[in-house]
Amino acid sequence: MLEKTFDPKTVEPRLYAAWEASGAFAPTDDPKAEPFSIVIPPPNVTGSLHIGHALNNTLQDVLIRFERMRGKAALWLPGTDHAGIATQMVVERQLAQEGNQSRRDLGRDEFVAKVWEWKAKSGGTIVNQLRRLGASCDWSRERFTLDEGLSAAVRKVFVTLYKQNLIYRDKRLVNWDPHFQTAISDLEVEQREVDGHYWHFAYPLEDGSGEIVVATTRPETMLGDTAVAVHPRDERYTQLIGKAVRLPIVNRPIPIIADEYPDPEKGSGAVKITPAHDFNDFAVGKRHNLPMINIFDDFARLNDNVPLEYRGLDRFKAREKVVAEFEALGLLRGIEKTRHVVPHGDRSGVVVEPYLTDQWYVAADVLAKPAIKAVEDGATVFVPKAWEKTYFEWMRNIQPWCVSRQLWWGHRIPAWFGPDGEVFVQETEEEARRQAREHYGHDVELTQDEDVLDTWFSSALWPFSTLGWPEKTEDLRRFYPTHTLVTGFDIIFFWVARMMMQGIQFMDEVPFKRVFINALVRDATGAKMSKSKGNVMDPLELVDDFGADALRFTLTAMSGQARDIKLSRQRIEGYRNFGTKLWNATRFCQMNGCARAEGFDPAQVKAPLNRWIVGETTRTAKAVTEALADCGFDEAANALYRFIWNRFCDWYVELAKPLLNGEDAAAKAETQATAAWVLDVILTLLHPVMPFITEELWGQTADLGAPRGHRDFLMTARWPELPYSLIDPAADAEIDLIIEAISEGRSVRSELNVPPAARPPLLVVEASEAQRRVIEASAPLIAQLLRVAEVRFVDAAPEGAIPYVVDGATLALPVAEFIDLAAERARLSKEVANLASDIERAAKKLSNPDFVSRAPEEVVEENRERLAEAETAKAKLEGALARLGAVA
């Protein structure tokens, strides 16, 4: 017999260890099985499980468990990312705490050894946390982006792209983090709104005929100005185009140029151009062949390209000095306060500089073309499809991809420089030396590039490098292309697009057939979670408090495609109660002898109630199968919830009690076997979402009968394939009539505040002969569940009876002696009027474009939800009023 309650804290670790030890997470070696593979979006080796990981990995696990049970060779390949800058930061911080050392004090080799040491100790944290969530990855195939096999793939790709002229070295602007002294990607830049100033500076015309005023939020960069730009159709400056101004402080003449970039309506309409320190200015500089003067060093201190008194100054000290000098020269024309967006390094927290450096670039525009076509042609589809637009917008406007980073932790760029700067790009140093010998005619000293590759470069190869490429492995042949990628919208460009480009380039085939974009998890009010707000929900704490199954079901049920998930502890607690409901229903079945019968055939059951539940089970199996196959995770979870809680636990169990306790032995045995069969199907269908409680129930009920293979794990059981022929419309009509008679009667009692102790009769006023037979046969059960004195057939409802219609039959509850009908009518009318006012207010707000555009997204969504709830409540109360209006 089952324990009274399910204890996740003891059951979950026991079951997971048994699953993993059994090898059940590995794909079947049946050569006839259809392959179905997923590669995990590799979490950072520095990471720990956050609620976004919990959602993303729960959905992947639901999908892989579903396809595994459908008999496919299901591979969920796990691994972690070395996460260049993030990992280096962690270890540098530890060094500083331990002995006030920096990586430069240690030297490159010793520092990298320290990082490997840290990775060995702490790098598996998130992997173990994923196990707690129930992730059924094939851990025997776990990979790390700095594994030797993956490193070999990275080197081969870099060298191949270089030889195809798709990787090159260039001097361009990058996002520069002065704290880490490295270029960083756009994804690692955090845009923060800060208080600042616009300083208005006068630049005197070189011929002494006047001045031109420019405004800037970054006065220090004026030391690197190489032009002033005006719009070609700005009549104020037409006569100045082609002239020059003398750059104050630096005392260098710079031209006044015409370009479409300046906005005549903004400020003075004249813009200072600093090509080496602004992305827009860089583009202007390229168009006009302007000099590009870098005025900073790697630490964002001013370098030797500025006047002597500024050299070595921090950029913000230089700002103060520039403003003071302009004021002293009489050229400061004004200061205005502003609030503007300033880029910061998401790891370092310091202001990022647009910085002109020599870096390695990938010709992303060339690689993007076949990747765009693949989605246009449907070789890869996005779910929801709307995200294709985001993909196309990014890909069609793609810029050269900077792949070099000035870090020590990562894949070292396989490029070696000769004494005259000649570069030799090869997979090994030996090959580079051989190439250099051929070039120079003798051996020379070579120096390897100090930089490492952007983390996204190696993760772009993840779908095929993890399967063994460049070796022609059996896994690569069998599991590439992968089937589904589950990921967030924020890395469509940074990761999805790059995998598409590299997969097609090196495998001649898309890396995945489907990309499912999961939702963003927010707090219960719809606000984004952040540590500063104190609203972060730790998934591991939630697992401790409610069990992994409850969290998994919550995330799955709320994962509606591309919608935000408003997560609350109350919701998770509610789904834990759902698990408890199933546990209790299973105990009830055990106590009532519901055992699996050898050779049980659901098509042969006779009792209408059993035919009905078989049909309901079939419908649910069809709905869940179709939903999961289409990534309709929330639809699958909600279909399961409705069936298990409402149809099976609430109705079938209650309606089955007379059969289980009756004198008809054949009907009792059939009901016991049917209940056991339905439970098996329920456990199977629910397993991908709630694997622990279903596996435990499967194992705990294994000795009730001895069906084939039932002692095996549920996770390897076959998915149910039930034919529509199991649905019996006649049984449906019969049982649904009983259920609706009781449900609608309960609604009448609830809406009109009929006291629970009141026992009016249920009157059957009008019904067909078939309906009368059903109601008459089930009258005692209906009376018991509806809490009425009796079920009676009458020709007309008496005065004070509340009528309601069920499938064409008219029933009535005479409740006038238990409630004041006039008072109830007044109460309901007042509540309807109040709701109408709420609806009008919410609708007025939502129809106001100014409110919708200015209010935070969560506030707008909250108003929409409030409106929908009020409309539903109003409709329900109006129905109750209509019932009162029909009282005889």
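These questions and answers cover a pocket and some cysteines in a predicted model.

Colleague: How much space lies in the second largest pocket?

Modeller: Rolling a probe the size of a water molecule over the atoms shows where empty space is left. For the second largest pocket, the space comes to about 1400 Å³.

Colleague: Which residues are the closest to the centre of that second largest pocket?

Modeller: The lining of this pocket has 45 residues. By kind, they divide into 17 nonpolar, 16 polar and twelve charged. The closest to the pocket's centre are Y198, T217, R218, D278 and H340.

Colleague: Which element gives the largest share of the lining of the second largest pocket?

Modeller: Elements that give two or more residues to this lining include the helices α8 (279-288) and α9 (315-328). Among the strands that do so are β7 (189-204), β8 (211-216) and β13 (332-345). The largest share, ten residues, comes from β7.

Colleague: How many disulfides does a search of the whole structure find?

Modeller: A disulfide is a covalent bond between the sulfur atoms of two cysteines. To count here, two cysteine sulfur atoms must lie within 2.5 Å. For C589, the nearest cysteine sulfur, that of C594, is 4.2 Å away, and C589 is in no disulfide. Over the whole structure, the number found is zero.

Colleague: Is C137 buried or exposed?

Modeller: C137 is in no disulfide, and the nearest cysteine sulfur, that of C631, is 17 Å away. Its relative accessible area is 0%. Buried means under 20%, so C137 is buried.

Colleague: What is the relative accessible area of C589?

Modeller: C589 is also in no disulfide. This cysteine is buried, with a relative accessible area of 3%.

How values were computed
Residues numbered from 1 in each chain as written. Predicted model: local features only at pLDDT ≥ 70, side-chain atom pairs only at ≥ 80, totals over all residues. Heavy atoms only, no water. 1 Å grid on protein atoms, 1.4 Å probe; cavity = no way out; pocket = protein on both sides within 12 Å on 5 of 7 lines; lining within 4 Å. Points joined across faces, edges and corners; volume = space filled by probe spheres on them. Helix = DSSP H or I, 4+ residues; strand = E, 2+ residues; numbered from the N terminus. Nonpolar A, V, L, I, M, F, W, Y, C, P; charged D, E, K, R; others polar. Buried < 20%, exposed > 50% of the residue type's maximum accessible area, 1.4 Å probe, protein only.
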